[in-house]
Amino acid sequence: MPTEQRDWYDTPLYYDIVFDDGTCQEADFLEAAFAKHARPARGRRLLEPACGSGRLALEMAQRGWNVNGFDGNAHMITFAKERLAAAGLKARLWEDWMQNFELPKGLKGGFDLAHCLVSTFKYLHSEKDAAECLRRVAATLRPGGLFFLGLHLTDYESGKEEHERWVARRGPVEVVCNTHTWPADPKSRLEDLRTRLKITDAGRTHTQETRWQFRTYNAAQLKTLLRKVPELEFVECYDFTYDITDPRRFDDSYADVLLVLRKSGAA
């Protein structure tokens with residue numbers, strides 16, 4: 001069976017099936033951490049850079065949040081809009097990029113919460129773009145509002161290849177996802193990744209493959225980046241267990257960090 005070379009963001013249904021399982025847990029954490037760390041913890045306006053298939057946009061809209069978000073892939077935005085409309089919910093979604101996004105005409109800033117989880121931030125390949133993304137997010141937040149940034153840290157000394165496998169189903173559709181990550185280049189700070197999706201849909205099975213690169217960070221490099229955007233204050237660090245009762249040290253002792261950053265100038 002030949003493998004199709006295809007960007008998995010161009011097939012949002014299959015992408016969504018793979019990642020949907022943790023959506024409620026992520027949303028629970030966002031709400032709990034907002035109540036704990038926002039100053040003051042009020043308001044329900046949300047911005048999601050790189051909103052993808054809209055899984056969290058839908059979940060947060062169902063919980064009463066005023067949801068706004070963008071993504072660079074038109075297929076993802078179309079899919080996200082259609083799922084919200086099918087649920088009878090509203091959100092402001094548009095096509096845009098993290099490093100140079102602008103709010104659409106008529107949409108004002110002053111958001112209470114923004115989030116970018118599961119390493120999506122690592123698609124920004126330069127320090128300039130990463131810092132600019134953070135500055136633009138900060139500019140949209142009201143004083144005391146929160147930005148949640150989640151990503152996988154890199155151990156440059158390990159030299160090991162990594163492999164993750166998930167199997168997920170929705171109705172008659174099954175998706176087996178295999179993601180392979182090669183060791184990062186410490187000089188370029190880029191790592192190569194390959195994801196293969198084996199999809200069984202309507203009785204037909206096919207495989208599609210996506211290759212891309214992430215920019216890498218260890219804890220020190222991420223702290224250096226944050227110092228370039230002082231309007232976002234570091235508040236707390238968690239991990240991808242999304243346990244609000246178990247904050248972690250911001251260091252290299254574990255891989256998946258979830259930072260809570262607060263817009264300065266809180267009342």
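I started with burial in helix 3 and listed the buried residues: Arg55, Leu56, Ala57, Leu58, Glu59, Met60 and Ala61. I'm working from a predicted model here. That list makes 7 of the 8 residues of helix 3 (residues 55-62), so the helix is largely enclosed by the rest of the structure.

What covers the buried residues of helix 3? I found that the cover includes helix 1 (12-19), helix 2 (23-37), strand 2 (45-49), strand 3 (66-71), helix 4 (74-86) and strand 5 (111-116). I also checked what follows helix 3: there is glycine 64, with a positive phi near 95°.

**Salt bridges**

I searched the whole structure and got 21 salt bridges.

Glutamate 59 has a relative accessible area of 14%, so I log it as buried; arginine 63 comes out partly exposed at 22%. I then traced a salt-bridge network that links Asp28, Glu31, Arg44, Glu59 and Arg63.

Next I picked aspartate 20 and arginine 170, whose side chains form a salt bridge at 3.6 Å, N to O. This pair links distant parts of the chain, 150 residues apart: aspartate 20 sits in the loop between helix 1 and helix 2, and arginine 170 in strand 7 (residues 162-170). I get 29% relative accessibility for aspartate 20, partly exposed, and 29% for arginine 170, also partly exposed.

My last entry is glutamate 174 with arginine 169, closest N and O atoms 2.7 Å apart in a salt bridge. Glutamate 174 is partly exposed at 23%, whereas arginine 169 is exposed at 59%.

Notes
Residues are numbered from 1 along each chain as its sequence is written. This is a predicted model: local features need pLDDT of at least 70, side-chain atom pairs count only at pLDDT 80 or more; totals for chains, interfaces and linings use all residues. Side-chain values use heavy atoms; hydrogens and water are left out. Buried means under 20% relative accessible area, exposed over 50%, partly exposed in between (1.4 Å probe, protein chains only). Helices (H or I, at least four residues) and strands (E, at least two) are DSSP runs, numbered from the N terminus. Contact means heavy atoms within 4.5 Å. A salt bridge is a side-chain nitrogen of Lys or Arg within 4 Å of a carboxyl oxygen of Asp or Glu.
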